[in-house]
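Try each task before you read its solution.

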Amino acid sequence: MSDPASALGGARFDGLAAIEELAPRGMITLRGDLGMTALQGAATAATGAAFPARRAIAWKGDRALGWMSPDEILVMVPYDAAGDAAAAITRKLHETHHLAVDVSDARSVFRLSGGVAAREVLAKLCPVDLSADAFGPGQLRRTRAAQVPVAFWMRDAETFELICFRSVARYVFDLLSVAAAPGGAVGYFGHGA
Amino acid sequence: MLILECPNCGVMAEEAELVPGGEAHLKRFGPESSDADFEGYLFQRENPRGVHFERWRHAHGCGKWFHAARCTQTLEVFATYPAQTTAPPQDIRDAISAKRPGWTWREIR
């Protein structure tokens with residue numbers, strides 16, 4: 001099997017916040033009636049994470065379940081495990097109306113670290129209230145960054161992870177880099193210039 | 001900036017996250033309908049100064065459709081409600097009546 005390569009080869013930018021492209025990650029789009037016990041069971045069995053409430057993301061080690069829409073769950077697993085995990089979900093739900101697709105290769109993942117500065121970098125690009133009172137670890141937000149759709153969440157109080165379509169990875173990386181350029185601090189969230 | 005609360009995911013979504021879907025609660029007239037009905041369905045729209053009902057899609061969020069009741073004159077948003085309705089819910093009509101006595105929209109009042 002060939003080695004998976006990320007879109008930008010792990011590009012990195014250090015500015016107000018550190019922007020870093022992460023290695024490919026296994027992602028499965030699971031759609032169906034989220035209220036069904038069978039679907040919840042298949043999702044939790046694939047990750048070990050609790051089934052997320054509305055707009056939440058739940059982690060168990062390096063696996064997670066994220067709430068994407070009223071009928072869509074994002075299942076995150078290690079890249080190598082995505083194919084088997086998707087097959088296992090399909091097997092468990094074969095009698096149920098659902099869709100489980102391995103979309104790992106359609107996505108790029110970025111990490112923004114830098115605490116308040118990372119919040120500010122994202123706030124420049126997304127129409128989202130990113131104050132610490134409004135957004136914190138455990139939440140998942142789908143929105144847009146300038147012209148393209150993205151989703152993000154926090155791994156801890158200092159670090160964001162952001163996913164976008166792989167085809168726009170360069171655009172998103174450049175956006176984040178410009179927003180994080182030295183001298184571009186706004187200080188809106190109170191971390192000074 | 002118009003800010004609508006998406007009833008599907010609960011996000012207070014700015015207009016930049018939304019895509020407008022035109023007038024709400026249209027009744028479709030397709031094949032076999034009269035020319036007048038079909039013309040009305042295709043072309044005749046309200047253009048109110050005041051209370052209006054619209055469809056919106058949370059395109060850059062959860063991707064789902066919903067309805068919004070708002071005022072075109074002041075941009076006040078009265079309420080948002082699920083797409084799976086064929087007419088504005090009574091409680092929303094009552095809330096609008098409290099703020100805009102005597103409002104009408106199509107045959108609704």
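**Exercise 1.** Work out how many residues of chain B and of chain A are in contact, and what holds the charged side chains together.

*Solution.* Start with the contacts in this predicted model: 13 residues of chain B touch 15 residues of chain A. Next, take the area: about 1,100 Å² is buried between the two chains, and carbon and sulfur atoms give 49% of that. On the chain B side, Glu17(B), His60(B) and Lys64(B) lose the most area to chain A, together 40% of what that side buries. Finally, look for salt bridges: the count between the chains is two. Asp71(A) and Lys64(B) form a salt bridge through their side chains, at 2.8 Å from N to O.

**Exercise 2.** Find the largest pocket and say which elements line it.

*Solution.* The largest pocket holds about 310 Å³ of space. Of its 14 lining residues, Val128(A), Asp129(A), Arg141(A), Val11(B) and Met12(B) lie nearest the centre. Two elements give two or more residues each: strand 9 (140-145) of chain A and strand 2 (12-14) of chain B. Sorted by class, the lining has eight nonpolar, two polar and four charged residues.

**Exercise 3.** Which domains of chain A supply at least three residues each to the lining of the second largest pocket?

*Solution.* Begin with the volume, about 250 Å³. The lining comprises 15 residues, with Met68(A), Arg107(A), Arg142(A), Pro149(A) and Phe165(A) nearest the centre. Strand 9, strand 10 (148-156) and strand 11 (159-165) of chain A each give two or more residues. Now assign domains: domain 1 (12-23 + 106-179) and domain 2 (26-105) each supply at least three.

Technical notes. Residues numbered from 1 in each chain as written. Chains lettered and ligands numbered in written order. Predicted model: local features only at pLDDT ≥ 70, side-chain atom pairs only at ≥ 80, totals over all residues. Heavy atoms only, no water. 1 Å grid on protein atoms, 1.4 Å probe; cavity = no way out; pocket = protein on both sides within 12 Å on 5 of 7 lines; lining within 4 Å. Points joined across faces, edges and corners; volume = space filled by probe spheres on them. Helix = DSSP H or I, 4+ residues; strand = E, 2+ residues; numbered from the N terminus. Nonpolar A, V, L, I, M, F, W, Y, C, P; charged D, E, K, R; others polar. Domains from an automatic or database assignment. Contact = heavy atoms within 4.5 Å. Buried area = accessible area lost by both parts, 1.4 Å probe. Salt bridge = Lys/Arg side-chain N within 4 Å of Asp/Glu carboxyl O.
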